[in-house]
Amino acid sequence: MMDRGYQVQISTAPFLHDTTDTPKLMWEVVYSLMPVVLVSFYFFGMSALLVIVASVGGCLLTEWFFNRNDQPGLSLRDGSALITGLLLALTLPPGFPLWMAFLGGVVAIGVGKLIWGGLGHNIFNPALLGRAFLQAAFPTAITTWELPDGKYLGVRGTNLAVPGYQADSLDGLTGATPLASMKFEQESTEILNLLLGNTSGSLGETSGLLLVVIGFYLIYRRIIQWRIPVGILGTVFIVTAVFYLIDSQYPSPLFMWFAGGLMFATVYMATDLVTSPLTPRGVWIYSIGIGILVVLIRLFGGLPEGVMYAILFMNAATPLLNRFSKTRVYGHR
Amino acid sequence: MKIKWPGNSITGTLASFKHGVHPNESKELTDHRQIERMPFSDHFILHLSQHTGVPSIPVVKEGQKVRRGELIAKPGGFVSVGLHTPVDGTVTAIDLFDHPKGQMSPAIKIKTDPFSPQISRQPPVPSPEQLPLNTFIELVQRAGIVGMGGAAFPSHVKFSVPEGKECKVMMLNGCECEPYLTCDHRVMVEYSQELLDGTSILQHFIGAEAIYIAIEANKPDAIHILDQACQVSELPIEVVPLKVKYPQGAEKMMISAILGDEIPAGKLPLDVGTMVSNVGTIVALSQYFRKSLPLVERVITVSGTAVRRPSNLLVPIGTSMREVVDYCGGLTDELARILLGGPMMGVVQKSLEVPVLKGTSGILALSHDEVSDFDTYTCIRCGRCLDACPLFLNPARLGLLARKSLWDEMEDNHVLDCFECAACSFVCPSGIPLVQSFRVGKAMVREKKARMASEKG
């Protein structure tokens, strides 16, 4: 070849490749989160944006800091740290102190992802790990819920709290989340409010309808696997329905679907590619496991919400599921 | 035999297998171009190892004069075939030459007689309908006919149905699922009579209950022409359009699509009563028995955007790639890779001096736009490879095991079943060389098995 001045490369087949690469997949998730961010701004105003900025800032800085010797900024480009920051923020209450949100981001990326070896090597969903840390460290702040107040430019005083200083008065109106009022006062919330999102709760979890639409979109774009939402929501529905039919004191299946973080976590957390199993059989075990755990914790546990621990628990089982759940290979009956 | 009829005429869906991928077909470069006969070049290099199995044994000496169609090497065993010269000329060397697989390999070099009209004057072959089965098999072996889809497996071995087995369904493979390649497509359009004639010769000996010509739906002209030919044929033959999906043309995938059946691991299509042959092979059969022309030339596709005049050519076996490419107007500066075969399973070449083999279906000169060099990331366990693998293997897990050199575990995860269609590497968003590492894994597993067998023996 050289005599004609051609330079060819020697490599082995295949020579064609699909156009989708890992950064593209990640950025699609980021784009799909934008409506959720907008809706959280609609309900919770500037506070929502500030919490998001703090959490995303914590994630991106940590990602950059620990990869600064290896082509600075390269690992930021795949968008995965941005996803973690957004997901973490969207599971926090609107009045959450910003420094805590930032710290949550640092822990999510540092402890949730980088110490395992970075993208693709972590066992637990980084955003959920960050949130679990915040829940353990700041149990009061993370369960102080404020109702949507309709003030876009107003910032909640608790957002600006600094370490060591406890904001003594809340200037917003606090209200129990639908799950908490169910658990502690046996009071159900209108399904319509749950669908639209006009309730107290974390930033991204309140509008059930929007999340359903996004879920279908992500399945259609083949970013997430259809089996996981079907497994989780189906299990939650069936198990709750059994209890509800025995005694209507228990919440109805639809209430369980749309109250709290179940929809958000089903669409964005449980479907995390890295921390969910590979094989169809593994995925079924994983998602049914999450569904059962969610119902058990919500109905019989001490906490009103159980999605986070349910997913983290099944994340822990994922490496085992990957090892032991085999696919049925062609020609092997 | 249960036929899961192919597709549903009411809903208009086409039969196919599960999983698989959709690479850009890029067949528009050549699918409308008529087959041209390429002129004879000055010399030919005929490798003794053209096919799967034992190499052929030369029966000519250096300096000997040979005539077009004359046997120059005889079968080296049962899984081996004869080799013939495509031209009148002189044997100038029996030596080592570059083989497309990468190594040097023994071959016969023939210098073309410039004054010969190059007309085959081989003695007529007896009419196959009069022959007993074993003579037919012997003649097919002697004629050098091999599977022309790429693997070049000796056809007479495939046609010899062992005692106790029965061929109920014969499938003619015109799927041509590899992107770019259009040689089978053109053969079906331009040699439809020879195809049906070859089928009737084979059917005389096999006696299948049903014969299907499987064609991917992106070749409507071939489907139309063969469908008309089948309707007037006396054979139990039918055209089956299949969904366009890679690797539809793999034997196992065709059987899944048409019969809804699986070949048990490690078995052959005959174990489910099926025989699959490439359409080019059947045409070669007809040409040998009707025109006494052994397999000395074949249709190949020359394509890719780095070749100036993409074409379908009838090329004598042994023509060098350089001659073929020059005949097609040469290469452009955009050239990034040049390969023999399709872009999914073909073999990259470092030099243009290697010859066309019996199993060569195409020469592709791909430009930088066509072969995007993909960045590699870590596996994010997205599972796209699992959804791509037509055999339902777990490429993500196999890739991890290969990286850790855990060959035994790879064997437990059925790496030996992989036929290297490369669908997994094609879809991997992290650009991980999955199938490439499975080739290594398969070689390591086989080597270990061979070592253990020799220690025992």
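In this predicted model, Trp407(B) counts as buried because 20 other C-beta atoms lie within 10 Å, and 20 or more is what the class requires. The residue lies in helix H11 (residues 407-412) of chain B. Leaving aside residues up to four places away in sequence, Trp407(B) touches Gly441(B), Met444(B), Val445(B) and Lys448(B). Trp407(B) and Gln34(B), which are 373 residues apart in sequence, stand 47 Å apart in space, C-alpha to C-alpha.

Ala217(B) belongs to another class: it has 15 C-beta neighbours inside 10 Å and therefore counts as partly exposed. This alanine is found in the loop between strand S10 (210-216) and helix H5 (220-232) of chain B, where, not counting residues up to four places away in sequence, it touches Leu14(B), Pro241(B), Leu242(B), Lys243(B) and Val244(B). Its C-alpha atom is separated by 34 Å from that of Arg397(B), 180 residues apart along the chain.

**The nonpolar core and helix packing in chain A**

The largest nonpolar core has 231 residues, and those with the most contacts inside it are Val51(A), Ile311(A) and Ala214(B). Helix H4 (residues 98-110) of chain A gives the most to this core, with nine residues. In soluble globular proteins, nonpolar side chains tend to be buried together. Not counting residues up to four places away in sequence, Val51(A) touches Ala89(A), Leu92(A), Pro94(A), Phe96(A), Leu98(A), Ala101(A), Asn159(A) and Leu203(A).

Val51(A) also takes part in a helix pair, as one of the residues of H2(A) that meet H3(A). At what angle do helix H2 (residues 46-66) and helix H3 (residues 80-90) of chain A pack? The angle is about 145°, with the axes 8 Å apart, and the crossing is right-handed. On the H2(A) side the contact includes Ile52(A), Val56(A), Leu60(A) and Glu63(A), and on the H3(A) side it includes Leu82(A), Leu86(A) and Leu88(A). By class, the contact of H2(A) with H3(A) has 10 nonpolar, four polar and one charged residues.

Further along chain A, helix H11 (residues 262-269) is mostly covered, with eight of its eight residues buried; among them are Leu262(A), Phe264(A), Val267(A) and Tyr268(A).

**Domains and the contact between chains**

Chain A is divided into domain 1 (20-175) and domain 2 (190-322), whose centres, taken over C-alpha atoms, are separated by 21 Å. Between them, 33 residues of domain 1 of chain A are in contact with 30 residues of domain 2 of chain A. Helix H1 (22-44), H2, H3 and helix H5 (126-137) of chain A are the elements that give two or more residues to the domain 1 side, and H1(A) gives the most, with 10 residues.

The assignment for chain B gives domain 1 (41-113 + 294-367), domain 2 (143-291) and domain 3 (384-449). The C-alpha centres of domain 1 and domain 2 of chain B lie 24 Å apart, and 31 residues of domain 1 of chain B are in contact with 24 residues of domain 2 of chain B. On the domain 1 side, strand S6 (83-84), strand S13 (297-303) and strand S17 (362-367) of chain B each give two or more residues, with S13(B) giving the most, at five residues.

The contact between the two chains takes 33 residues from chain A and 51 residues from chain B.

| Side | Nonpolar | Polar | Charged |
|---|---|---|---|
| Domain 1 of chain B, touching domain 2 of chain B | 13 residues | 16 residues | two residues |

**Backbone geometry**

Most residues other than glycine have a negative phi, and most peptide bonds are trans. Against this background, the peptide bond from Ala13(A) to Pro14(A) is cis, with omega near 0°, and Pro14(A) is found in the segment before H1 of chain A. A cis peptide bond also joins Tyr246(B) and Pro247(B), with omega about -5°; Pro247(B) is placed in the loop between strand S11 (237-242) and helix H6 (251-259) of chain B.

Positive phi values occur at Tyr180(B), near 70°, and at Glu420(B), about 65°. Is Tyr180(B) buried or exposed? With 32 C-beta neighbours inside 10 Å, Tyr180(B) counts as buried, and it is found in the loop between strand S9 (169-174) and helix H3 (183-190) of chain B. Glu420(B), found in the loop between H11 and helix H12 (423-427) of chain B, has 18 C-beta neighbours inside 10 Å and so counts as partly exposed.

Notes: Residues numbered from 1 in each chain as written. Chains lettered and ligands numbered in written order. Predicted model: local features only at pLDDT ≥ 70, side-chain atom pairs only at ≥ 80, totals over all residues. Contact = placed C-beta atoms within 7 Å. Buried ≥ 20, exposed ≤ 12 C-beta atoms within 10 Å, placed from the backbone. Helix = DSSP H or I, 4+ residues; strand = E, 2+ residues; numbered from the N terminus. Axes fitted to C-alpha atoms, helices over the stretch in contact; angles between N-to-C directions. Left-handed = near helix turned anticlockwise from the far one by under 90°. Nonpolar A, V, L, I, M, F, W, Y, C, P; charged D, E, K, R; others polar. Domains from an automatic or database assignment. Core = buried A, V, L, I, M, F, W, Y, C linked by C-beta atoms within 7 Å.
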